[in-house]
Structures are given as C-alpha cells and as structure tokens.
Amino acid sequence: MLAEVTAMQLYCLRVSRLEEQGKLTHTIAALAKMNNTVKARQVIADARDLLGGNGILLDYHVKRHMTDIEAIYTYEGAEHVQSLIVGRDITAVGAFT
C-alpha cells in the first residue's frame with residue numbers, strides 16, 4: 001500500500017511540475033486522474049480487507065476514505081471518461097461525435 005501511495009504522490013508531483021512549466025496536456029492530466037483514482041480504490045480495498053471487520057469502523061478511518069474515493073471516482077468519471085480522453089490522443093479517433 002505504501003509503494004502505491006508513494007507512486008501516486010510522485011505522479012502528482014510530476015504533473016504539478018509540468019503544469020508549472022506550461023507543458024501539462026489534457027492527456028497527461030487524464031492519465032494521472034485515471035491511474036490515481038483506480039490505484040487509490042485498490043489501496044483502500046486492501047486496507048479494508050487487512051482490517052477485516054474493523055475496516056468498517058470509523059475508528060480506523062478506512063471506511064471514511066473509501067467513501068471519499070468513491071465520490072471522487074464517480075465525480076471524475078474516473079477510468080471510463082479519462083481513458084476515452086487518452087484513447088482519443090493516442091488514436092486520433094474520438095469516441096463522441
């Protein structure tokens with residue numbers, strides 16, 4: 001879990017530096033959103049599994065984080081919309097007309 005969280009942080013650091021340099025593209029931003037929301041859901045699911053029944057108690061904060069990431073995942077369109085943006089850039093074919 002620590003390795004995944006660290007990788008997500010490094011991804012965000014790189015994206016922010018690209019933004020500062022004026023080199024951030026919609027595709028890179030979409031790829032970062034897609035990767036980090038999917039990985040965050042996996043990390044939280046692992047934490048929930050690791051804690052067993054305690055994973056749903058507010059004392060351990062896992063359930064709160066799980067609820068938060070689900071809201072972000074749904075709001076951002078996560079994997080599906082972001083993958084369409086990336087796919088359009090790679091193939092030059094848009095999924096929408």
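Tutor: Let's begin with a term: contact means heavy atoms within 4.5 Å. Keep in mind that this is a predicted model.

Student: Is the protein chain compact or spread out, judged by the globule rule?

Tutor: The chain has four helices and zero strands. For 97 residues the globule rule gives 13 Å, while the radius of gyration is 16 Å, well over that, so compared with a compact globule the chain is more spread out.

Student: Is Thr27 buried or exposed?

Tutor: Thr27 sits in helix H2, which covers residues 26–51. Its relative accessible area is 16%, and the cut-off for buried is under 20%. Therefore Thr27 is buried.

Student: With which side chain does the side chain of Thr27 make a polar contact?

Tutor: Setting aside neighbours within four places in sequence, Thr27 is in contact with Ile85, Val86 and Asp89. The polar contact between side chains spans 3.3 Å, and the partner of Thr27 is Asp89.

Student: Which element gives the largest share of the lining of the largest pocket?

Tutor: Good one! That pocket holds about 180 Å³ of space. Two or more lining residues come from each of H2 and helix H3 (62–76). The lining divides into four nonpolar, three polar and two charged residues. The largest share, five residues, comes from H2.

How values were computed. Residues numbered from 1 in each chain as written. Predicted model: local features only at pLDDT ≥ 70, side-chain atom pairs only at ≥ 80, totals over all residues. Heavy atoms only, no water. Buried < 20%, exposed > 50% of the residue type's maximum accessible area, 1.4 Å probe, protein only. Polar contact = N/O pair within 3.5 Å; in protein donor to acceptor, adjacent residues only side chain to side chain. 1 Å grid on protein atoms, 1.4 Å probe; cavity = no way out; pocket = protein on both sides within 12 Å on 5 of 7 lines; lining within 4 Å. Points joined across faces, edges and corners; volume = space filled by probe spheres on them. Nonpolar A, V, L, I, M, F, W, Y, C, P; charged D, E, K, R; others polar. Rg over C-alpha atoms; globule rule 2.2 N^0.38 Å.
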